[in-house]
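Thanks for coming, everyone. Please have a look at the model on the screen, and then I will walk you through a few of its features.

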Number of protein chains: 2
Amino acid sequence: MTARGRTPTPPVHETVGGLGESGILRILNRRFAAVPAAGDWPEGTVGPGDDAAVVAAPDGRFVITTDAMAQDRDFRLDWPAVHGGRAHSDRGTFEGHGFPGGYSTGWKAAAQNLSDINAMGGEPSGLLLALTMPPATPVAWIDGLAAGIAGAVRHLGAARCRIVGGDLGSDDRITVAVTATGDLDGRLAVRRTLPPAVCAVTGRVDLDLVLCGRTGWAAAGLDVLETPRGLLDERLRAAEQAEQLEDGVRRLAAVAAAAQLRPRPVLGAGRVAAEAGALAMMDVSDGVLKDAGRLATANGLRAELDPDWVRREASVLVPLARALDPASGQRTAERWVSAGGEDYGLLAALPTGAAVPTGFRRIGRLVTASGAPAAADNGGSTGGWDHFTDR
Amino acid sequence: MTARGRTPTPPVHETVGGLGESGILRILNRRFAAVPAAGDWPEGTVGPGDDAAVVAAPDGRFVITTDAMAQDRDFRLDWPAVHGGRAHSDRGTFEGHGFPGGYSTGWKAAAQNLSDINAMGGEPSGLLLALTMPPATPVAWIDGLAAGIAGAVRHLGAARCRIVGGDLGSDDRITVAVTATGDLDGRLAVRRTLPPAVCAVTGRVDLDLVLCGRTGWAAAGLDVLETPRGLLDERLRAAEQAEQLEDGVRRLAAVAAAAQLRPRPVLGAGRVAAEAGALAMMDVSDGVLKDAGRLATANGLRAELDPDWVRREASVLVPLARALDPASGQRTAERWVSAGGEDYGLLAALPTGAAVPTGFRRIGRLVTASGAPAAADNGGSTGGWDHFTDR
């Protein structure tokens, strides 16, 4: 069985209200059986279906994180995984590549939690799903959701990760709360805060800031998906004609939309950085500028992004930005790169001049700031996303 | 600092929208600091505030479970922890004993997850909270929610349990998804399914069914809370006069309402039963009749509740049942006991005639059923609660 494609999709008119809890569980478990480690429950562990699961933690600790997504805030039924948008309801072009409704929502819910495990240097060991939904929810949608969760586990390479439990409840709208666990295989977790010794020894701190994964693509995708379909087609066509590209801008737009809908954190990267001596680490969920600022202020430091890096990183997105808004191509692309969240890249701090770990690029520095605030939260002061102050 | 009482409550008019994520986190963490194990993060573990937490798992495994509660389904802002009811909005009598709004919702969210850890024979080690809410949510309510979570951890005796992480998101309504983890201290988990050896050796199976904790009180409390305030007062007064009791029925009603709002699973009981040789175990969240049926059918057996036990257990509730509905006192009380959920008692199966573990009572048997279905889900056939088929 594969995560999607070969398992027949339930009829569109069927709703979860007609199934009862046990029927819904059957639908979910059929999809969850597609993750590579499914069914592999060693002696002394317990899989789903009991009051609780029992998961192995070989080195005597486990990593754990949780994230909730709400309908019409973090995803839409017909156009998932978008923050508070004015999204059109036609998912034809960008959501229609054989993905059932719910697939991207499930993928993203899993991916953002797997990314948090990665950001501690851990390897994912388990996912739990607490799902509330109205009885009128189409069975096909939750089947797609489950397929998307299994798809992310499978395609992002979480080879040891199983679906270990969950909970079903009814509500007027859908919320998807995922919890992920991971294993450190005997390594120390890499935290947002530097080990105390680093500051004690040097007095002045100067660290390289490195990034694994793309940034700006999910934000570009959000702008693509929020542009009304007819207008989007018109602008992409105009851009193609003006630049004499064959399908180039349209392809960029599709890749960006996919990056927003189904982000791809590089799950091995946390371990690679930890083994390469990363001193502090976090994933980028709210924008490089904001999250680098958080990494800095958590250590009483200041983040400096390399403007050349921002310009280079933005350059590939400029044709798309210019297509969407001819007046502000370069500026928009640089905003996507520096302030756009949800690509789930991985930020790490390394001693200055240390070898950059495989898959990472140097994007700036963390430096001692004269008059910088001591370790404090960064509020909403550097752009990027806050669930409560930015709306 | 204590879980409630000494920490000043935020002004009623303040909303979370004015605070931002960091402000909300400060409110929550102030309350979470009141759990006994707070601040005790051993070498190699990581507390809240990073991408993920790292929790100790001394015996190389951990127990994990998750549950979500939705506003107006599982709780109400002014009258929490009630399923789909026609609840009145006056919480004066039963919610007013110094508990802030949100307290019972937090307590119940924590208690039902801690109960699941208990039901595997584990000791709670951590809680995570994924909270979605509108910006207009009163700060006082989430302060109460956090106090209720900390209160349950403290007063139910989860001495090693810390609040290890969480997530905040915005939504039109509040959902509270809690994940709990636990430790087995080297014991085997006690599952719903019997160890294979039990069935293989005996051929015919006959097991004692034992219960720890009350049953029927939360269901009685639901009926109390769903009775309009004026009518409730009138009926309780009439019952007191008729039976010449001094405040007896009113006191029963208050205890029942508290059982519904702030259930008290007996957290040590899972370990006691495991050490006493319990062969299968689960907590009672959907009613003794339904959950004993599930325990039976999970093993291809049939559950027989002792009718004398049901009658005895119901007897103390009969005056309250008769006060609420004079025509059907005994019948109502027996329905509360056999079909009422949410007391989070603990059901266990033991070899026939084995010593009943401390705190448990024998309530019936699990027997080989001629023509009973092989291990299968029990659907909604034995009463009790199903989120999707009972509404």
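Sorted by class, the residues lining the largest cavity are six nonpolar, three polar and no charged ones, where Ala, Val, Leu, Ile, Met, Phe, Trp, Tyr, Cys and Pro count as nonpolar, Asp, Glu, Lys and Arg as charged, and the others, Gly among them, as polar. What we are looking at is a predicted model, in which local features need pLDDT of at least 70 and side-chain atom pairs count only at pLDDT 80 or more, whereas totals for chains, interfaces and linings use all residues. Residues are numbered from 1 along each chain as its sequence is written, chains are lettered from A and ligands numbered from 1 in the order in which they are written, and side-chain values use heavy atoms, with hydrogens and water left out.

Back to the cavity, by which I mean a set of points on a 1 Å grid over the protein atoms alone where a 1.4 Å probe fits but cannot get out, its lining residues having an atom within 4 Å of a point. Grid points are joined across faces, edges and corners, and the volume is the space filled by probe spheres set on the points. Searching the whole structure gives one cavity of 30 Å³ or more, and the volume of the largest cavity is about 30 Å³. Its lining is made up of A:A68, A:A130, A:T132, A:T175 and A:A177 from one chain, with B:A68, B:A130, B:T175 and B:A177 from the other. At least two lining residues each come from β3 (123-133) and β5 (175-183) of chain A and from β5 (175-183) of chain B; strands here are DSSP runs of E of at least two residues, helices runs of H or I of at least four, both numbered from the N terminus.

How are the two chains related? Chain A is superposed on chain B by a rotation of 180° with 0.0 Å of shift along its axis, at an RMSD of 0.0 Å, by least squares on the C-alpha atoms of residues with pLDDT of at least 70 in both. That is the relation of a two-fold axis, and in chain A the C-alpha nearest this axis, at 2.3 Å, belongs to A:G60.

In chain B, B:G60 sits in the loop between β1 (53-56) and β2 (61-70). Beyond its neighbours within four places in sequence, B:G60 is in contact, meaning heavy atoms within 4.5 Å, with A:V55, A:A56, A:A57 and A:P58. B:G60 counts as buried because its relative accessibility is 18%, the class being under 20% relative accessible area, with exposed over 50% and partly exposed in between (1.4 Å probe, protein chains only).

An unreviewed UniProt entry puts the feature "binding site" at A:D74, A:E342 and A:W385, in the numbering used here and with feature names shortened, though annotations may be inferred rather than shown by experiment. Most residues other than glycine have a negative phi. A:E342, however, has a positive phi of about 70°, and A:Y344 has one near 55°. Both are buried, A:E342 at 10% relative accessibility and A:Y344 at 6%.

Key
On a 1 Å grid over the protein atoms alone, a cavity is a set of points where a 1.4 Å probe fits but cannot get out, and a pocket is an open set with protein on both sides within 12 Å along at least five of seven lines; lining residues have an atom within 4 Å of a point.
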